[in-house]
Amino acid sequence: MMLAVGKRLKVRQPVLLSRVLLAMKNVGELISYHGGCHCGAVRFFVLVSEYLAFDCNCSICRKKGFLHLIVPRESFTLLSGADVLNTYTFNTGTAKHTFCRICGIHSFYYPRSHPDGIDVNVRCLDGDVLSLFKIESFDGANWEENIAQIRGS
Ligand SMILES: [Zn+2]
């Protein structure tokens, strides 16, 4: 459903939305970033309020090298690529590991940890943005024991 909404939006609209949000009081500092996959088919727009990302050691993240930036769904807009996204699931099947079927890059997905959120790969943001982020380790290999740590943040 999120994908369909994002697809209907024209590219410029999310930029205008960010300006509106930035102009509002009590929103805090929301900085807008664009990002996407390698081939450019998948493009998104994300509002960042905290420069914190998690480096997870679970079975899939350690292989993907995914650095997790978890944002509310309303802070994420898919600009293009809904038609090229494939989804990989495993274990409980709750997390929807979306990836570009053309270039194979996992630029964002729907995480098991935050059902109402979007998990963006900091490595897929445009430009040298990674250096702005504090990277914390998350012991996702022992998911059940540790998940409360990042759900509370
Ligand atoms: Zn791609």
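Tutor: Let us begin with one pair of residues in this predicted model: Phe-108 has Val-120 as its bridge partner in β9.

Student: How do you know that β8 and β9 are paired strands?

Tutor: Two strands count as paired if DSSP finds at least two bridges between them. Strands β8 and β9 are joined by two bridges and run antiparallel, so the pair meets that cut-off.

Student: What makes β4 a partner of β9?

Tutor: Between β4 (residues 67–72) and β9 (residues 117–121) there are five bridges, in the antiparallel sense, and with at least two required, the two strands therefore count as paired. Within β9, the residue opposite Pro-72 is Gly-117.

Student: Why is β9 described as largely enclosed by the rest of the structure?

Tutor: A residue is called buried if 20 or more other C-beta atoms lie within 10 Å of its own. Four of the five residues of β9 are buried, which is why the strand is described in that way.

Student: Which order do the strands of the five-stranded sheet follow, and what makes β8 and β10 its edges?

Tutor: The order is β8-β9-β4-β3-β10, in an open sheet with mixed pairing. Strands β8 (108–109) and β10 (134–138) are the edge strands, as each of them pairs on one side only.

Student: Why do β1 and β5 stand at the edges of the three-stranded sheet?

Tutor: That open sheet has the order β1-β2-β5 with antiparallel pairing. Both β1 (31–36) and β5 (76–80) have a single partner strand, so one side of each lacks a neighbour in the sheet. From one strand to the next, the twist averages 25°.

Student: How do you know that β2 pairs with β5?

Tutor: Four bridges join β2 (residues 43–48) to β5, and the two run antiparallel; because at least two bridges are needed, they count as a pair. Phe-44 has Leu-78 as its bridge partner in β5.

Student: What is Phe-44 in contact with, beyond its neighbours within four places in sequence?

Tutor: Its contacts include Gly-35, Gly-36, Phe-76, Leu-78 and Phe-108, where contact requires C-beta atoms within 7 Å.

Student: Which residues touch the most other members of the largest nonpolar core?

Tutor: Among the 28 residues of that core, they are Phe-44, Val-46, Val-120 and Val-122. Strands supplying at least two residues each include β2, β4, β8 and β9, and β2 gives the most, with five residues.

How values were computed
Residues are numbered from 1 along each chain as its sequence is written. This is a predicted model: local features need pLDDT of at least 70, side-chain atom pairs count only at pLDDT 80 or more; totals for chains, interfaces and linings use all residues. Axes are lines fitted to C-alpha atoms, for helices over the stretch in contact, and angles run from 0 to 180 degrees between N-to-C directions. A nonpolar core is a set of buried Ala, Val, Leu, Ile, Met, Phe, Trp, Tyr and Cys residues joined through C-beta atoms within 7 Å. A residue is buried if 20 or more other C-beta atoms lie within 10 Å of its own, exposed if 12 or fewer, and partly exposed in between; C-beta atoms are placed from the backbone. Two residues are in contact if their C-beta atoms, placed from the backbone, lie within 7 Å.
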